[in-house]
Amino acid sequence: MAKRVKPETAGASKSFDLAAFKKQNNLDVVVKEKELSWIPLSSAFHEALKIPGIPRGYLTSFRGYSNTGKSTAIYEAVAGAQKIGDLPVIIETEGNWSWEHAKNIGVKFDEIVDEETGEVIDYEGDFIFVNGDDLLNKYRNYDHNSGKDVNKALRFEPVIEDISHFITELLDDQERGDLPRSLVFCWDSIGSLNGFKAATAKSSNNQWNAGSMEAAFKSLNNHRIPASRREGKKYTNTFVVVQKIWLDNENKVIKHKGGEAFFYSPRLIFHFGGILTHSTTKLKATSGGDTYQFGIETKVRCEKNQVNGIEEQGVIASTPHGYWNPDKIEEYKKTHRQFILSKLNTTYDDFVIEKESVSDFSEEDVVN
């Protein structure tokens, strides 16, 4: 009969001190993460999905076809970050940012007015804002292959790597103590830029761009952002992105503008609209023959949740004042009546709300 061998246990070797081993090898680290906290979004978002907003310390993605209301999340994220004292870093490469829209949704800032003309010449507030032109001016002489500045401009368009380089520089400033704030990076949107290789070759290449996206954000998405959740880290950093999608006509599979890197990396993905169609409804105010489209009613669901596991779906309205519960649209009319009347520019004192379904695609939606 074979001799039975007694398995080793944690206390089998009484002479071995695991705590001392960890300390000697710099493995005595804090493994606990901070308690889960949130950047608040509107109550309508919570009512639709049972999720209070954007989890701090993670990468969160809002995806969907064009004109499905997903970019409203960026404005709400900026306003929510300001409410809790985090510093929003707005990265706008779509060219669609509206300061009026931001103000209506609750983003706090001051208008800088030219004393002579009375014209608004700038906006200042508790945020950092860059668009594509700002990134190009900052990094046009930077060679992302060698990691060095050169003496002349290498290209004349912003690139994917500019975004990751900009975020990395701010995180480095934070580590050095030069930027002592928790940061919320808000990018609208993925897929709006070429990569460095494509830009310098003067050829838009989807495979090159997908490769640029994956390589440029690998460390940020998988290490630097989530590492800020570790207990003992002074600041908590969050990354929020908007990403357009398109439909593979042969396989009926959703594809993501800019490649699939930002499908696998986020801990939360919120999907706006349908899968095969937009599945949206235009919300219009009409008065005296005049019409003003003030919002979009859309399906929304939590496509992926690796934070607290809640994956609900519902319907939400995207309006000039943020997300709104479609069941309370008459309340929206009452609250923002004067705003809508001013947009209608009508002499009438009231308006009615009408709905128009949208289910077809534009060419942009089906071509990557």
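These are my notebook entries on a predicted protein model.

**Ground rules.** I number residues from 1 along each chain as its sequence is written. Because the model is predicted, I kept local features to pLDDT of at least 70 and side-chain atom pairs to pLDDT 80 or more, while totals for chains, interfaces and linings use all residues, and side-chain values use heavy atoms, with hydrogens and water left out.

**Overview.** I looked up the secondary structure and found 12 helices and 18 strands; these are DSSP runs numbered from the N terminus, with helices (H or I) of at least four residues and strands (E) of at least two. The C-alpha atoms fill a box of roughly 95 × 60 × 50 Å along the principal axes. Of the 368 residues, 47% are buried (buried is under 20% relative accessible area, exposed over 50%, partly exposed in between, with a 1.4 Å probe and protein chains only).

**Helices H5 and H6.** I then checked how helix H5 (residues 132-139) meets helix H6 (residues 160-176): their axes come within 10 Å and cross at roughly 75°. The axes are lines fitted to C-alpha atoms over the stretch in contact, and angles run from 0 to 180 degrees between N-to-C directions. H5 and H6 are therefore roughly perpendicular (65 to 115 degrees; under 35 is roughly parallel, over 145 roughly antiparallel, the rest oblique). On the H5 side I noted Leu135, Lys138 and Tyr139 in the contact, where contact means heavy atoms within 4.5 Å. H6 contributes Asp162, Ile163, His165, Phe166 and Glu169.

**Glu47.** I found Glu47 in helix H2 (residues 43-49), partly exposed at 30% relative accessible area. Leaving out residues up to four places away in sequence, Glu47 touches Asn325 and Lys328. Its C-alpha is 9.2 Å from that of Val315, although Glu47 and Val315 are 268 residues apart in sequence.

**Salt bridges.** I counted 18 salt bridges, each a side-chain nitrogen of Lys or Arg within 4 Å of a carboxyl oxygen of Asp or Glu. What does Glu100 form a salt bridge with? Its partner is Lys343, with the closest N and O atoms 3.0 Å apart. Glu100 lies in helix H4 (residues 99-105) and Lys343 in helix H11 (residues 337-344), so the pair ties together parts 243 residues apart in sequence. Glu100 is partly exposed at 43%, and so is Lys343 at 36%.

Next I looked at Lys284 and Glu356, whose side chains meet at 2.6 Å, N to O. This pair links strand S14 (residues 280-287) with strand S18 (residues 352-358), 72 residues apart. I also noted that Lys32, Glu35 and Glu231 are joined into one network by salt bridges that share partners.
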